[in-house]
Amino acid sequence: MAIPFISALTTTLRRAASVLPVLARRLRQWLAARSKKQWLLAVAALPVLLLLYVLLLIPLTPSIGDIQKNKVEAPTQLLSADGKVLAQYKRSNREWVALKDISPNVINALIATEDHRFYEHGALDWRRTFGSVLHTAMGRPQGGSTITQQLARNMFPEEIGRARSLNRKLKEAVTAYKIESAYTKDEILETYLNTVPFLYNAFGIEMAARTYFDKPAQKLSVLEAATLVGMLKGTSYYNPVQNPERAQQRRNTVLAQMNKHGKLSDQDFETFKKRGIKLDFERQDEAVGMAPHFAQALRKWLIEWADANDYNIYADGLVVQTTIDSRVQQWANQAVARQGRQLQVTANGLWSNRNQWTAKNPLVQSFVRESAVYRQAVADGQDKDEALQRLLADADFMANLRQDKVRVQVGFMAMDPRSAHVLAWVGSRDFAIDPFDHVSQARRQPGSTFKPFVYGAALQDGALPSDQLMDEAVRIPLGGGQFWRPTDGGPPSDQPMTLADGLAYSKNTITAQVMAKVGPAKVAKLARALGVRDSKLEDVMSLALGTSPVTLQEMVTAYSTLANGGGYRAPVMVTRISDRDGKVLAEFEPPQTELALDSGVTYGLIDMMRGVITKGTGRGVARYGVSGDWIGKTGTTQDNADGWFMLAHPDWVGGAWVGFNDSRVQLNDYWGQGAHSALPVVAEVAAASQRAKLVQAQARFEMPAENNTFVQRLRSWMLGFGDNKPAVDPFEQPPAMQPLPDRGNPGDAPVIDDPEARPIGQSGAGPRGPSGEGDYPVFQNNPPPAQQPQMPAQRPADAGQPQPGVVVPGPSSNPVPSNPAPAAPAFPGSASAPQSQPSGNPPPIERGVVVSPVSSGSVGQPVPTADGGMVWRRAAPSGAAAPQSGNAGIAASEIN
């Protein structure tokens, strides 16, 4: 390839060489033919043409208005609802200081070095300009820009440019004259010193003084001022951190200029030039404020609004009034930090070099192979196995990788359900370390926090909270010869259980049967209506247990809709935007309420969710002082990858997610549960809000007065939740008798083993009580016994029996295993509690029969229908008392 190229280049050069003499001869002939008058006219025309070009540049350079506007550039401020500054949108990390607050040593050093006739010229120093041209022509390039010209470049780098050209120098000169007409000399100095860059994200003399000497600009000494002014010739080349010797030489040059122009005595100069540079270096991180993730989430919308209304969020000093309550935000920050530290200790123990973080662990090897260092080594030609072993043996690399992978993350969000105002937003434990937002960006499986939507769909279809199903092993056909076997953390009780208790105790066996009745499509439709509107929800059976990833923001919004009586409102983040003088530029009305769920049905679901807090998996909130009428739900996903907790009140809704950025990293069976990882965060903030009277203890969810009216039925019909079909009891046919349509895709079959739900009805003093979660005597300040941390024990495998939670292929005639699923291993140090019947449940009845407190026929007897088919009647054993879990909701028979 090189030979043809060289040959072509040689040919081209030969042709050019042959043409040059011809061109030179013709140029000499043309010049010889010019008369003396023509020569004089040509010489006289040059300055005229130059003047015309300069006049042409005037409208093409920044205007006086642009310069004045740039001079008073102010960042946009985000204010909380109570007037606290949350964040600022700035172009750079800069703090503006007045000239009087800058050390005179800085001003003397700057003028002596950069422009000693600064107060004498009017933008351009013609003596220095001609001197610079002369030195450059002699081969000794020398800068000739004044401070005003340098300021023009700093203020308008895009308009003027940095290229060494006559065009750039002319633009610079024109802009400098405009600056001199708009600013006084002191204003020019002040603006210059506040805009020059000094590396390390430090802009302006104040940030430079703090970065290199850890002091304000007002206290800079002669040597320190000379060092910083010396950097202006080339910040990287004269960087005192990386090039101290070079920086010292440049500093001495500045001292010499100060001595030359009478700003430094001979004695001081001789003394100072012998001293070394003493730095107190510390990077000045840009202040992120108390709600940085919220500010980042709001930035994109605010830029769009500003562009549409001809504003600049970095320069126009806008004041944005947000909905954030600084008190709730501060409590949330503290709760996230506190719980994050506690969980990090557990995670570090679980993933220590003596436990799981070893070179033999296949997961750790996968982490190494996925690292950028490994991929680069392989790209450079290194053998894959050799690169893997080399990195596994690199202690520093493995320590950094472990720190990154095993860093616990937390997200929290709170809303006011009445106004839809966002009260608090915490996207991670530390924005500087992990700016990724776990509120609006991270999509994770919500686990059992999704179950209320399943029961809500059932109530829509006419079910009652007091309806009962058998807590037994279930096998739901998925089609294609596959079955779904959802399990809980322990064996089923083989007892009837109300829907309200199924939700309170987070029973997967009950929830799966409800899902089989209402169908995934209805559940997904309800979840979208309530607020899960951006994430894709898969219409599959396992959706009942929260297998479709969603964001924390969507879940908090959905629970806020429930707390608002079924009325959906999009989260509100901004209420007003004003200019720097306080003039209101825009006000934002609260969004209109959309009826997502009939208010009567909503109250029925709320009544069921009360049980989660009063007796179920969320009752641990009481230990934090949370009291009153609260509803909520815990959530834990497969292998404890995600812990969730949602809590709602008529005045307040909050939710938290806890986990790792890589879902393959998990906590143990105790701390991995939402009731132990996420609940403390939400409960702590809720309790603080209640103490501050932001949440009224006496407020309650009220049953709608117009329950079961024509208006309610009309609303449901208009929203598509009702139909004109005859009323059908959705629980008349037991789950095993109602086959599901064949989806034809065995790959959709999920593997479910929700560790959150535990056997109910246990007695004894073991650590895990009736709910399976949150039953330790001391919840917050005393973590589990000394055996923590350790990995959960492995359940024994039985080759002769399908394991619980696993989809197994087989003919539809396969019987449900008679042996119950093995119990989850007890927490270290606990004793297994004997099984007993749940209090308040009816006596055992025939398996496979749906039970209701309403007697409607003999137990388990099929009844012929008009079309010759068979249905199953509700049945109740003699003497069974109706559970009192909830009495709201609208039965299908009541609305037809």
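Which side chains meet in a salt bridge at 2.8 Å, N to O? They are those of Arg610 and Asp629. A salt bridge here puts a side-chain nitrogen of Lys or Arg within 4 Å of a carboxyl oxygen of Asp or Glu. Arg610 lies in helix α25 (residues 599-614) and Asp629 in the loop between α25 and β14, so the pair ties together parts that are 19 residues apart in sequence. Helices (H or I, at least four residues) and strands (E, at least two) are DSSP runs, numbered from the N terminus. Arg610 is buried at 11% relative accessibility. Asp629 is buried too, at 4%. Buried means under 20% relative accessible area, exposed over 50%, and partly exposed in between, with a 1.4 Å probe and protein chains only.

The model is predicted: local features need pLDDT of at least 70, side-chain atom pairs count only at pLDDT 80 or more, and totals for chains, interfaces and linings use all residues. Residues are numbered from 1 along each chain as its sequence is written, and side-chain values use heavy atoms, with hydrogens and water left out.

Back to the charges. The structure holds 25 salt bridges. One of them joins Asp461 and Lys522, at 2.9 Å, N to O. Asp461 sits in the loop between α20 and β6 (468-471), and Lys522 in helix α23 (residues 520-530), so this bridge ties together parts 61 residues apart in sequence. Lys522 is partly exposed, at 38% relative accessibility. Another bridge pairs Arg533 with Glu594, at 3.3 Å, N to O. Arg533 is in the loop between α23 and α24, while Glu594 is in strand β13 (residues 594-595), 61 residues apart. Both ends are partly exposed: Arg533 at 37%, Glu594 at 40%. Elsewhere, salt bridges with shared partners join Glu370, Lys405, Asp662 and Arg664 into one network.

Now the rings. Rings of Phe, Tyr and Trp (its six-membered ring) pair if their centres lie within 6.5 Å; planes under 30 degrees apart count as stacked, over 60 as edge-to-face and the rest as tilted. The count comes to 13 aromatic pairs. Tyr212 and Phe281 make a tilted pair, 5.8 Å centre to centre with 50° between the planes. Tyr212 belongs to helix α10 (residues 204-213), and Phe281 to the loop between α13 (266-272) and α14 (292-308), 69 residues apart. Tyr212 is buried, at 0% relative accessible area. Phe281 is partly exposed, at 31%. Trp305 and Tyr311 form a stacked pair: 5.8 Å centre to centre, 5° between the planes. Trp305 is buried at 12%, whereas Tyr311 is partly exposed at 28%. Ring pairs also link Tyr200, Tyr212 and Phe281 into a cluster.

Some rings carry a charge over the face. The test asks for NZ of Lys or CZ of Arg within 6 Å of the ring centre and within 35 degrees of the ring normal. Arg246 has its charged end over the ring of Tyr237, 4.0 Å from the centre. Arg475 lies over the face of Phe483, at 4.2 Å from the ring centre.

Next, the nonpolar interior. In soluble globular proteins, nonpolar side chains tend to be buried together. A nonpolar core is a set of buried Ala, Val, Leu, Ile, Met, Phe, Trp, Tyr and Cys residues joined through side-chain atoms within 4.5 Å. The largest such core has 85 residues, of which Phe294, Phe453 and Val523 touch the most other members. Leaving aside neighbours within four places in sequence, Val523 is in contact (heavy atoms within 4.5 Å) with residues including Phe450, Phe453, Met515 and Leu543. A second, separate core of 54 residues includes Tyr624, Val658, Phe660 and Trp671.

Two loop positions are worth a look. Val439 lies between β5 (421-426) and α20 (451-460). Val439 is buried, at 0% relative accessible area. Beyond four places in sequence, its contacts include Phe412, Trp425, Thr551 and Leu552. Asn564 sits in the loop between α24 (552-563) and β10 (567-568). Asn564 is partly exposed, at 24%. Its C-alpha atom is separated by 6.0 Å from that of Arg418, 146 residues away along the chain. Residues up to four places away aside, Asn564 touches Pro417, Arg418 and Thr593.
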